[in-house]
Amino acid sequence: MSYKHGNIISKITAAQLIPENLLLYDFGNTPQIFQVEVDPIDFCNHNCGWCFTSGFRKDKKITLIDLKNYLTAFCNSGGKSVVFSGGGEPLLYQEIYSASVEFENKSICKYLIDNGASIGIITNGYLLNKLFYSDFSITDLAFIRVSLDATNEVLHAKLHNTSKKDYSKVINNIQTLLKFRSNLFTPAIGISFVVDPFSNINFSREQIKDINKLASNLKVDFVQFKHIHTTKKESAIACMNSVHSHCLEMNWNDTEFWIQTYDSANSSFQCLISQHIQSVGNQSKKFPCCHLFGRTEFFEQDTFLPIGKIVTNCYNKVCRYNEMNKLLLDNFTNKKEAYKQVLETSIKEVGFHPYRYCPTAPNILEPFKSQ
Ligand code: SF4
Ligand code: SF4
């Protein structure tokens, strides 16, 4: 199933993407975690230079029993979406797709699906095939994003610091995944590319052309571009604008492209998002968001349960929830209903994903060719 809006066909709905769909829930001002990003293991079978855990990777996992307790409390308290991600390759945590006693002889995905949670997985793609024959159907997942970063095996091996043969396995996995998904609605399937103008990675017109060709051949639902972490915010924004203008020149057929611009945490250093979204990982610890991963000082760590609070001293250089946070800080009670309505109507009528139209979206450049 897909939805049409003008010339745009989308398989991606707001129900699959976050944090904007916080608006769909009755979140009020009471701390309640609706979404959790689980980074279950900090080890990775690849070794990208930009990986934010590369400096503190200690091959640590969240223990299964901690994760079970956390996710059970999360589901019981009305939690909606779980994203498995890294630093670290989440699919190295095999209980995600294999049954364990701790999870009632189910895989973690199956356990969450049975408890009504949406699941997204962000992976380097090498172990994607492990999801194909599990105790859940691949179509029960909400989205899968593969951090591909390159359009050929030589560059992929260089950037991911891995063997050349990995690239074709990852591409095969994506193709098989698309075949299993067929023309069903879920999961939304995308690939992502880091952008690094300083090393000329995924930045020039020729490179974007190669990405466009690959995405069109694969027929993935979306391509995401993200700048590497940097202190040079202005140049990062200019760079993403340039990538955007290259993208606009090309025909992407039904593939959406998302170009995320660069934003740092708001000047008040206050974050209300941290009441509703949480990252967990690294030795069963809680963090306000993945960008503060590794910094435990923001939350008390005496229990490993989905409890959020307002963060009052975030001066992080990159914040992907800034737009939504600004609205929360603005106490947008009056506007909330109106925004919610826009979101609900759009889901009903065109099934859009919120990055495209929703006023709460993070800074992202218009993802389509101008009509
Ligand atoms: S694939 Fe992802 S988790 Fe693994 S090293 Fe690269 S950025 Fe880090
Ligand atoms: S970077 Fe800071 S402001 Fe942004 S979501 Fe994380 S804690 Fe909140």
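Start by selecting helix α1, residues 64-76, in this predicted model: its 13 residues reach 18 Å from first C-alpha to last, close to the 18 Å expected at 1.5 Å a residue, the expected span being 1.5 Å times one less than the number of residues. Helices (H or I, at least four residues) and strands (E, at least two) are DSSP runs numbered from the N terminus.

Next, show the side chains of L67, Y70, L71 and F74, which are buried in α1, meaning that 20 or more other C-beta atoms, placed from the backbone, lie within 10 Å of a residue's own. Looking down the axis of α1, you will find its buried residues within an arc of 90° (taken from the directions from the axis to the C-beta atoms), so they line one face of the helix. After α1 comes G78, with a positive phi near 95°.

Select V223 and its contacts, G190, I191, F193, I211, A215, T255 and F257, where residues up to four places away in sequence are not counted.

Residues are numbered from 1 along each chain as its sequence is written, while chains are lettered from A and ligands numbered from 1 in the order written. Local features need pLDDT of at least 70 and side-chain atom pairs count only at pLDDT 80 or more, whereas totals for chains, interfaces and linings use all residues.

Conventions: Contact = placed C-beta atoms within 7 Å. Buried ≥ 20, exposed ≤ 12 C-beta atoms within 10 Å, placed from the backbone.
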